[in-house]
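Open your viewer and get ready to select residues by chain and number. This tour tells you what to pick next and what you will find there.

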Amino acid sequence: MNEQTIQLLPFWYFHLPNYVLAALMYTLMGRIILGAIAPAGWNNYIMRAFVTVTDPVVSVVRFITPHAIGLPLVLVFGALWLMLLRIALFLAMARYGVAPTVGGGG
Amino acid sequence: MPTGLVLVLGVAMLNGLFSPALRIVVLFAPVWYPALLPQTAGLLFFLSSLIVATLTLMIAGVPAAIYERLSGAPDSNFISMGIWLFGVLILTAPGVVNMLAALTG
């Protein structure tokens, strides 16, 4: 077990949800970029994986976004909502003094 | 583009320019600013303004979207746009002081 693993373990309650949110956020960004450059109806396995993983997030964001906003912008909103959630998670942890801190120099 | 959406976007853009939250977004730049982009103040403030305007649209849109789902409306209508515009105006209110200061010099 190296030093980095030891530093992560005590704050697993922050790192685990933060990692999941980050993975969803970057997968959604990948979906946005691939959707912008790929041809319509492209059935590539990577695109299918991105769509499958991010569809639950997109459904939730679609629910809280007015109909006037089209799907491409809903995807952008989804990435921003996930970033907001990550920041809110960190601020909530910091508020109660349980957030991970940056280690001091050696 | 419907008039309501233009109004909502216009007010959100104003908020992006004059909101006190702009300072907070600029402070958080080390978190969100991509390292690939040039590290210039102009681009930083442009993107920060864009983020504040987009967040204004997103947050103010939640009550309008919930109204649309509960009412079963197939598309945005006058009432949902009114709720959205009201939300954007509420979020833009703290920036009015900055707007007046900019107008009066």
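Predicted model: local features only at pLDDT ≥ 70, side-chain atom pairs only at ≥ 80, totals over all residues.

A salt bridge is a side-chain nitrogen of Lys or Arg within 4 Å of a carboxyl oxygen of Asp or Glu.

Residues are numbered from 1 along each chain as its sequence is written, chains are lettered from A and ligands numbered from 1 in the order in which they are written, and side-chain values use heavy atoms, with hydrogens and water left out.

**Stop 1: the salt bridges**

How many salt bridges does the structure hold over all chains? There are two.

Select A:Asp55 and A:Arg31. They form a salt bridge, and their closest N and O atoms are 3.0 Å apart. A:Asp55 sits in helix H3 (residues 45-63) of chain A and A:Arg31 in helix H2 of chain A, so the pair ties together parts that are 24 residues apart in sequence. Helices here are DSSP runs (H or I, at least four residues), strands are DSSP runs too (E, at least two), and both are numbered from the N terminus.

Are these two residues buried or exposed? Buried means under 20% relative accessible area, exposed means over 50%, and partly exposed lies in between (1.4 Å probe, protein chains only). A:Arg31 is buried, because its relative accessible area is 9%. A:Asp55 is partly exposed, because its value is 34%.

Now select B:Glu68 and B:Arg69. Their side chains meet in a salt bridge, at 3.5 Å from N to O. B:Glu68 is buried, at 1% relative accessibility. B:Arg69 counts as partly exposed, at 22%.

**Stop 2: chain A**

From the N terminus on, its elements run α-α-α-α. Of its 106 residues, 32% count as buried. Its accessible surface comes to about 6,900 Å², and 71% of that belongs to carbon and sulfur atoms. Accessible areas come from the Shrake-Rupley method with a 1.4 Å probe; for residues, only the protein chains shown count as cover.

Next, select A:Trp12, A:Leu16 and A:Val20. Together they form a nonpolar patch on the surface, with about 330 Å² of accessible area. Patches are made of residues with over 30% relative accessible area and no salt bridge; like charges are joined within 9 Å, and nonpolar side chains (Val, Leu, Ile, Met, Phe, Trp, Tyr) within 5 Å. A:Trp12 lies in helix H2 (residues 12-37) of chain A. A:Trp12 is exposed, because its relative accessible area is 55%.

**Stop 3: chain B**

Switch to chain B. It has six helices and zero strands. Its C-alpha atoms fill a box of roughly 45 × 35 × 25 Å, taken along the principal axes. Of the 105 residues of chain B, 37% count as buried. The accessible surface of chain B is about 6,100 Å², with 79% from carbon and sulfur atoms.

Pick B:Thr92, in helix H5 of chain B. B:Thr92 is buried, at 4% relative accessibility. What does B:Thr92 touch, not counting residues up to four places away in sequence? The answer is B:Val11, B:Asn15 and B:Met99. Contact means heavy atoms within 4.5 Å.

**Stop 4: B:Trp32**

Move to B:Trp32, in helix H3 of chain B. B:Trp32 counts as buried, because its relative accessibility is 18%. Leaving aside neighbours within four places in sequence, its contacts include A:Met83, B:Leu44 and B:Ile51. Look also at B:Val25: its backbone oxygen lies 2.9 Å from a polar atom of the side chain of B:Trp32.

**Stop 5: where the chains meet**

Show both chains again. The contact takes 21 residues from chain B and 14 residues from chain A. The area buried between them is about 1,500 Å², and carbon and sulfur atoms give 80% of it. Buried area is the accessible area (1.4 Å probe) that two parts lose on being put together, summed over both.

Between chain B and chain A there are zero salt bridges. There are seven residue pairs in polar contact, both residues at pLDDT 80 or more. A polar contact is a pair of N or O atoms within 3.5 Å; within protein, one must be able to donate a hydrogen and the other to accept it, and residues adjacent in sequence count only if both atoms are side-chain atoms.

Last, colour helix H3 (29-32), helix H4 (41-71) and helix H5 (78-92) of chain B. Each supplies at least two residues of the side of chain B that touches chain A. H4(B) gives the most, with eleven residues.
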